Amino acid sequence: MCVGVPAKVLHIESFSALVDVMGSQMNVGIIFVPEVKIGDYVIVHAGQAMSIIDEQYAQESLEEWRKLVDARSDGSLNT
Amino acid sequence: MLEVTDHSTLSQMLLQEVKTLADRFQQTFGRIPSFMEVCGSHTMALARTGVKKALEGYVRLISGPGCPVCVTDQVTIDAMISLTDGVNRIICTFGDMVRVLGSYGTLMQAKTEGKDVRVVYSPVDAVRIAEQHPHQEVIFLGIGFETTIPILAAAVKEAEEKQVRNFSMWMSTKLVEPILRQLLHDGEVALDGFLLPGHVSMVMGRKHFEFLATEYNIPAVISGFEALDMLSALRHLLLLSLEQRAVVLNDYKSVVTEQGNVQAKYWMNHYFTLCDEAWRGIGVIFDSGMDFKSEYNQFNAKVKFPIPTREPRRTKCRCGEVIRGLIDPPQCALFGRACTPLNPIGPCMVSSEGSCAAYYQYMREE
Ligand code: SF4
Ligand code: SF4
């Protein structure tokens with residue numbers, strides 16, 4: 001019952017925001033992420049935005065995995 | 001979205017890596033490593049993405065008590081269903097709850113008998129329903145973990161601000177820290193580490209879980225819900241246990257911070273306070289849930305509509321052992337026979353995040 005979905009913030013109005021979740025739009029509360037900006041991605045759970053996704057970190061973990069895979073394929077990672 | 005079944009190079013390589021490390025663990029310690037995923041969403045995601053199956057024989061993944069529906073005890077479920085008996089009431093709840101079997105039926109059956117039971121997406125929707133029906137009492141069944149408790153608080157805040165007097169909530173919430181302490185304290189299940197719930201951690205923060213390392217000397221990794229996220233977290237868990245290093249790592253930094261969501265924690269502590277909660281198959285755990293502070297009693301359905309509790313009917317359902325990681329679902333005699341997702345006996349088969357449902361859907365040998 002508790003799966004959070006990522007959504008893109010389209011419009012903000014005091015304590016709520018219009019977001020896009022995989023193509024469908026809905027209004028969610030934003031009292032827990034008052035610093036949210038238009039264009040941010042947020043995790044939505046039961047009608048409230050609960051966390052702003054940090055894209056830099058998301059990119060960094062992808063990079064980390066890529067490096068790991070590259071290192072393995074040329075045999076340099078000694079695990 | 002990268003899934004193991006997509007044969008994406010990245011997840012395949014990570015999977016290979018996890019298997020290699022698991023082999024090394026087995027050579028070093030003479031047994032396969034056991035990790036518990038605390039969260040029901042992880043249980044489902046591990047089964048759905050094929051990670052659990054791919055790791056059979058390498059890593060033992062134990063489903064923990066992290067699905068809010070599965071851990072709700074029978075007395076509470078019976079009380080929630082009894083709530084529908086009053087006149088002029090609208091009972092609102094999250095989807096999974098309506099099919100959970102109480103001793104004397106389900107909320108769904110109450111609905112077919114003409115009771116007003118509604119499934120809402122958000123508790124705030126229940127406040128709206130209360131505004132639209134000023135002459136009826138709207139009661140929201142507030143179940144959930146730390147991810148959901150702030151959302152319950154948001155609904156109370158809205159009702160308070162709009163002075164909605166015919167809205168109340170029947171709280172049955174659960175906290176992750178006390179149940180982890182209880183499991184570790186009982187020591188019934190041997191664990192090498194925890195895969196920590198990404199969404200609870202997003203509210204509570206990484207620091208909140210540090211007690212696992214400092215007090216219990218057990219490693220833990222906070223993980224997201226994609227195949228890559230979970231494989232990466234398992235890799236970290238294996239590295240940590242091989243080095244015998246007990247630390248709590250945040251492997252979901254894009255969503256989870258050190259301190260968690262300060263606003264969310266503020267609002268949950270504003271309306272609610274710690275209370276003892278009964279966990280299915282485990283019993284009452286001191287301070288393991290949250291309920292209304294007395295100054296907000298006007299929103300507390302337990303105060304507004306007291307329900308006499310009844311001794312629940314006994315079944316052969318072994319959910320209590322399933323959620324403690326003591327047995328796998330097929331070890332329950334009812335699994336796949338009397339108890340299926342279409343005809344569930346226990347909540348672990350009802351909930352879309354329950355261990356028995358995940359096992360039934362993705363892990364059965366045909
Ligand atoms: S309540 Fe949240 S953390 Fe718990 S099982 Fe559901 S998604 Fe996971
Ligand atoms: S299979 Fe059904 S009866 Fe058995 S433990 Fe799971 S939910 Fe309970």
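The largest pocket of this predicted model has a volume of about 1500 Å³. A pocket here is an open set of points on a 1 Å grid over the protein atoms alone, where a 1.4 Å probe fits, with protein on both sides within 12 Å along at least five of seven lines; lining residues have an atom within 4 Å of a point. Volume is the space filled by probe spheres set on the points, which are joined across faces, edges and corners. The lining comprises 43 residues. A:Pro6, B:Phe225, B:Glu226, B:Asp229 and B:Tyr252 lie nearest the centre. H1(A) gives the largest share, 9 residues. Other elements that supply at least two residues each include strand E1 (5-13) of chain A and helix H11 (227-242) of chain B. Helices (H or I, at least four residues) and strands (E, at least two) are DSSP runs, numbered from the N terminus. By class, 22 lining residues are nonpolar, 10 polar and 11 charged. Nonpolar means Ala, Val, Leu, Ile, Met, Phe, Trp, Tyr, Cys and Pro; charged means Asp, Glu, Lys and Arg; the others, Gly among them, are polar.

The second largest pocket holds about 510 Å³. Its lining has 20 residues, with B:Gln74, B:Arg280, B:Arg313, B:Arg314 and B:Thr315 closest to the centre. Helices H4 (74-82) and H14 (319-323) of chain B each contribute at least two. The classes are 7 nonpolar, 8 polar and 5 charged.

Residues are numbered from 1 along each chain as its sequence is written, and chains are lettered from A and ligands numbered from 1 in the order in which they are written. Local features need pLDDT of at least 70, side-chain atom pairs count only at pLDDT 80 or more, and totals for chains, interfaces and linings use all residues; side-chain values use heavy atoms, without hydrogens and water.
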